[in-house]
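Open the model in your viewer and keep the selection tool at hand. We will go from stop to stop, and each stop tells you what to select.

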Amino acid sequence: MTAPTDNLRINGERLWDSLMEMAKIGPGLRGGNNRQTLTDADAEGRALFRSWGEAAGMTLGVDKMGTMFLTRPGTDPDALPVYVGSHLDTQPTGGKYDGVLGVLSALEVVRSLNDLGIKTKHPIVVTNWANEEGARFAPAMLASGVFAGAIPLDYAYGRKDPEGKTYGDELKRIGWLGDEEVGARKMHAYLEYHIEQGPILEAHEKKIGVVTHCQGLWWLEVTLTGKEAHTGSTPMNMRVNAGLAMSRVFELVQAVAMENQPGCVGGIGQVFFTPNSRNVLPGKVVFTIDIRSPDLAKLNGMRARIEAEAPKIAEALGVGFAIEPVGHFDPVAFDPTLVGRVRAAAERLGYSHMDIISGAGHDACWAAKVAPTTMIMCPCVDGLSHNEDETITPEWASAGADVLLHAVLETAEIVG
């Protein structure tokens, strides 16, 4: 297996131009993006990505979850492909780089190989996983979870957005329901490049994060049932206040996470009040608890404590309580050989780097169940992500893509 020489680089200006062009689709309110999965904007972004891939000589396959696979052939027809990618869908108020950087850097790897006339033994497949974010259809990493055999296809198709629309119906509506069986593809390896979504790399002034592990997580959806009542005329001691129960469960989640330091996190990012009126106590509150840890025992311990104590909080207030897990994956240790290739590539290219644990979930977490997998990260300003103010520099983007190029070439094996 031949390692690439240290003078190989991607075309950083072309990568940045592609990022800016994709960002025009599904623009946010203040500079970011709202390109949620299976929306019309998602369909438009997919079409642009397809056109770029086909212009680079790749052929497109789409599976029954809507994941896109653009293939650059290898010289050995029997060699399993090296998959490289991330996702194009965004949060409702997302940035221009989360996920998109990984997909378009993978595309740039292929474009650069074409420019340089480099052939590889293994095919290279640039991948856009569907519904990584989970903002519209929970859980996150839905398509890659089905691909890995961890989530049933029928369950995925039945997931509903806040308006009651199902994943399966919306996938058909936007015209991106593929015919490939999900998970039928076999991988030689999977590599994913992503912004860090945290402040560690920037704080340590490192350009490259060599990702060794990914935290596990549980998403727990809680439904609290109270009694709608006038906020002005209902005495305090006669209220069945689902909102009050919610606030006390919030405090419980904070306490559980803090008592499991270091390394554990917990919070609530999504809440739905019914009827959500200024002067009506909520009759129902639905919210999602997000807990994460790289330590499986701590992760499951946090879940157990929340599920034991939260119902008591609701019961004390006369509020109905239900809890359901809607997302989960165990902590992941990435493939040591691939991790070593990423680290060696950063050193060969002269980029500052450090080992890092991903605090966020990624499609790589599910891919690691079926193939050797690793990730590369670049910094983002102030660690900000899932926010329209998410920012990276062209230099950071290019550095990580250069490392990706080298790691992919070493894995796909240069011919000639």
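Is His194 buried or exposed? Select His194 and look. This is a predicted model. His194 has a relative accessible area of 1%. Buried means under 20%, so His194 is buried.

**Stop 1: around His194**

His194 is found in strand E6. Now show its contacts, leaving aside neighbours within four places in sequence. You will find Ser86, His87, Asp98, Gly99, His362, Met375, Ile376, Met377 and Cys378.

**Stop 2: the annotated site**

Next, select His87 alone. His87 sits in the loop between strand E3 (82-86) and helix H3 (100-116). His87 counts as buried, at 0% relative accessibility. Look for a polar atom of the His87 side chain: the backbone oxygen of Asp89 lies 3.0 Å from it. Beyond four places in sequence, the residues that His87 touches include Asp98, Trp129, Glu132, His194 and Asp363.

**Stop 3: helix H10**

Select residues 336-349. This is helix H10, with 14 residues. From first C-alpha to last, H10 reaches 20 Å, close to the 20 Å expected at 1.5 Å a residue.

Which residues of H10 are buried? Colour Leu338, Val339, Arg341, Val342, Ala345, Ala346 and Leu349: these are buried. They cover an arc of only 160° around the axis, which puts them on the same side of H10. An α-helix has 3.6 residues a turn, so residues three or four places apart point the same way.

What do the buried residues of H10 pack against? Show strands E6 (189-195), E7 (208-214), E15 (353-358) and E16 (373-378), then helix H12 (394-412). Strand E6 is the one that holds His194.

Now check both ends of H10. At the N-terminal end, Asp335 is the cap: one of its side-chain oxygens lies 3.2 Å from the backbone nitrogen of Thr337. Just after H10, Gly350 takes a positive phi of about 80°.

**Stop 4: salt bridges**

The count of salt bridges comes to 19. Visit three of them.

Start with Arg9 and Asp402. Their closest N and O atoms are 3.7 Å apart. Arg9 lies in the segment before helix H1 (12-23) and Asp402 in helix H12, so the pair ties together parts that are 393 residues apart in sequence. Arg9 is partly exposed, at 35% relative accessibility. Asp402 is buried, at 4%.

Go to Asp355 and Arg343. In this salt bridge the closest N and O atoms are 3.1 Å apart. Asp355 lies in strand E15 and Arg343 in helix H10, so the pair ties together parts that are 12 residues apart in sequence. Asp355 is partly exposed, with a relative accessible area of 41%. Arg343 is partly exposed too, at 26% relative accessibility.

Glu170 is buried, at 6% relative accessibility, whereas Arg173 is partly exposed, at 45%.

Technical notes. Residues numbered from 1 in each chain as written. Predicted model: local features only at pLDDT ≥ 70, side-chain atom pairs only at ≥ 80, totals over all residues. Heavy atoms only, no water. Helix = DSSP H or I, 4+ residues; strand = E, 2+ residues; numbered from the N terminus. Expected span 1.5 Å × (residues − 1). Buried < 20%, exposed > 50% of the residue type's maximum accessible area, 1.4 Å probe, protein only. Arc of directions from axis to C-beta. Contact = heavy atoms within 4.5 Å. Polar contact = N/O pair within 3.5 Å; in protein donor to acceptor, adjacent residues only side chain to side chain. Salt bridge = Lys/Arg side-chain N within 4 Å of Asp/Glu carboxyl O.
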